[in-house]
Amino acid sequence: MSATVTTMLLVAVQCGLLLALAPVRVGLMRQVRARLEGRAGAGVLQPWRDLAKLARKEPLRAPGVRFGGALPVLLMGASLLLVALLPLLQTATLVAVPDDLFVVVSVLLLGTVAIALLGLDSGTAFGGMGASRHMTVAALVEPTILVAVYALSIPVGTSNLSAIVSARLDHPATVVAPVSLLALVALFIVVIAETGRLPVDNPSTHLELTMIHEAMILESSGRDLGWVEYASWLRLGALLALVANLAAPWGVVQHLHVLAVLIAMVALVLKVAVLGAAIASGEVFLAKLRLFRVPELLAGSFVLAFLAVTASYLTV
Amino acid sequence: MTDAGFTQVLGSCAGVLILTAVLQLWRRSLSGSVTLLALQGAALSALIGTIGVAAADPELIGVAVLVLAIKAVAIPIVLGRTAAATGARREDAPRINPTAALLLSAVLTTVAYLASRPILGAAPDAAQRAVPVGIAVVLIGFLLLLTRRQAISQLIGFVVLDNGIAMIALLTAGGVPLVVELGVSLDVLLVVLILRVLTGRLKHVFGATDLDDLTELHD
């Protein structure tokens, strides 16, 4: 088997794993939260059951809606591409599609634009407000992601994410260096903001005037809603897995072997489960920030990322 | 201590110093600011101690202990008591909002790096590479002094400024004599004590510690 075919096979395994487990991760986070709040919870498989139910239902679209079913599918495509690009299981890359930092951020932005258009397309005031807020947050988030990963890329000398993960595997001392800690904290904050978790957005309610994500998908229904939810979960799963892999790169396949791939899969599932459970238990203690305080949080994370860059010149 | 280990510890201490300075701009609660100031003093002391151990200089280690006692323990305790005595809990309305202040601190850090380029020379060693961080801490201390309204937060800005100056002096000169550091640190402690008394008077006369009340002359 040639190297390209093997890499493509691994990318397919990675996509399949995340597709299968993204709803389970959401279920796990809801379950952890429910238990901590003293509720029984619906079980970790409830998101899958919701998806199955939504997939059977016919979407209702308002008469003026232009793009209808195309945007949810575009969003899903962007999320899938993101999963395929990120070095989650292995550090080998396809030559044709490099998992360069800038490619990854632009794919992320593609999904952001798709969901914002979806909010605008419905023609309601809520959708437009949600889209405008989402773009505001995105405009503050994207530079921070770029700067934070740039800080991690300085010691490696390339903006290729696979090379960064692989270099961190080879030199474990760089993982706990101050540069890497600052950059990871900044990255974590922006991932939380980008995927609409507390304290930036409340994922568990339709009933707040300042909501972001729910405002945009308020008018979606049936299959459309199913795609949008699935794509958003996949996106959060992929970004969490990236943060987990940068924070603890152990388990990622470097030398191809069936056993190594299995270990990498188990390690990835464990890392994402631990991180997801930690976020869910943190969210119990958090209230949503006022919308006008959100830029403060994001500016803070930008400065952390910026300091990480300056600090990386300190120790080179 | 190995060379790489020395660089790592030095980098971590400098990182904590600048991080605590930036977080001062972010935090509004005064007790949080005082805790950050204590942390910053401890980081400065650790920085001096690291250089002292690397240079096997007992005088520098003495300076580190002195700085730990004054800047990480004495000054934060005095400031914490002042805050408790005057009842001031939060810095409610700084002159520029925290978002702008945080972004400004990024600009100041860049300025510090650009400004310190001529000082560093062609081949800076690990200690000299941390000089821009010291300059950035000084600039952020100035920013705190300029933008805060509460007397106690201005005091905190002053101590941050002094921490930055101490850091630059240490890193460029490769160490400070014990007598000099003793003089400077006791001076700072004295200033903090005097300003504590003044803050108490301010509270007594105006009922608040907002320095904007001090714009008119009275008999």
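The dialogue below goes through a predicted two-chain model, feature by feature.

Student: What should I know about numbering and confidence before I start?

Tutor: Residues are numbered from 1 along each chain as its sequence is written, while chains are lettered from A and ligands numbered from 1 in the order in which they are written. This is a predicted model, in which local features need pLDDT of at least 70 and side-chain atom pairs count only at pLDDT 80 or more, whereas totals for chains, interfaces and linings use all residues.

Student: What is the mean pLDDT of chain A, and what is it for chain B?

Tutor: pLDDT is the predictor's confidence in each residue, from 0 to 100. Where pLDDT is low, the predicted coordinates should not be read in detail. Chain A has a mean pLDDT of 84, with 96% of its residues at 70 or more. For chain B the mean is 83, and 93% of its residues reach 70 or more. For the complex, the predictor gives an ipTM of 0.75 and a pTM of 0.82.

Student: How does the radius of gyration of each chain stand against the globule rule?

Tutor: The radius of gyration is taken over C-alpha atoms, and the globule rule is 2.2 Å times the number of residues to the power 0.38. For chain A the radius is 19 Å, close to the 20 Å that the rule gives for 316 residues, so chain A is as compact as a globular protein of that length. Its C-alpha atoms fill a box of roughly 55 × 45 × 40 Å along the principal axes. Chain B has a radius of 18 Å, close to the 17 Å that the rule gives for 219 residues, so chain B is as compact as a globular protein of that length. The C-alpha trace of chain B spans about 60 × 35 × 30 Å along its principal axes.

Student: Which residues touch the most other members of the largest nonpolar core?

Tutor: A nonpolar core is a set of buried Ala, Val, Leu, Ile, Met, Phe, Trp, Tyr and Cys residues joined through C-beta atoms within 7 Å. Of the 159 residues in the largest one, Ala183(A), Ala305(A), Ala308(A), Leu47(B) and Ile140(B) touch the most other members. Helix α9 (residues 222-247) of chain A gives the largest share of this core, 15 residues.

Student: Which residues does Ile140(B) touch?

Tutor: Two residues are in contact if their C-beta atoms, placed from the backbone, lie within 7 Å. Leaving out residues up to four places away in sequence, Ile140(B) touches Ala21(B), Val22(B), Leu25(B), Ser105(B), Leu108(B) and Val160(B).

Student: Is Ser33(B) buried or exposed?

Tutor: Ser33(B) counts as buried because it has 31 C-beta neighbours inside 10 Å. Ser33(B) sits in helix α2 (residues 30-55) of chain B. Beyond its neighbours within four places in sequence, Ser33(B) is in contact with Gln24(B), Arg27(B), Ser153(B) and Ile156(B).

Student: How many residues does each chain bring to the contact?

Tutor: Chain B brings 20 residues and chain A twelve residues. On the side of chain B that touches chain A, the elements giving two or more residues are α1 (3-26) and α4 (98-115) of chain B. α1(B) gives the most, with nine residues.

How values were computed: Helix = DSSP H or I, 4+ residues; strand = E, 2+ residues; numbered from the N terminus. Buried ≥ 20, exposed ≤ 12 C-beta atoms within 10 Å, placed from the backbone.
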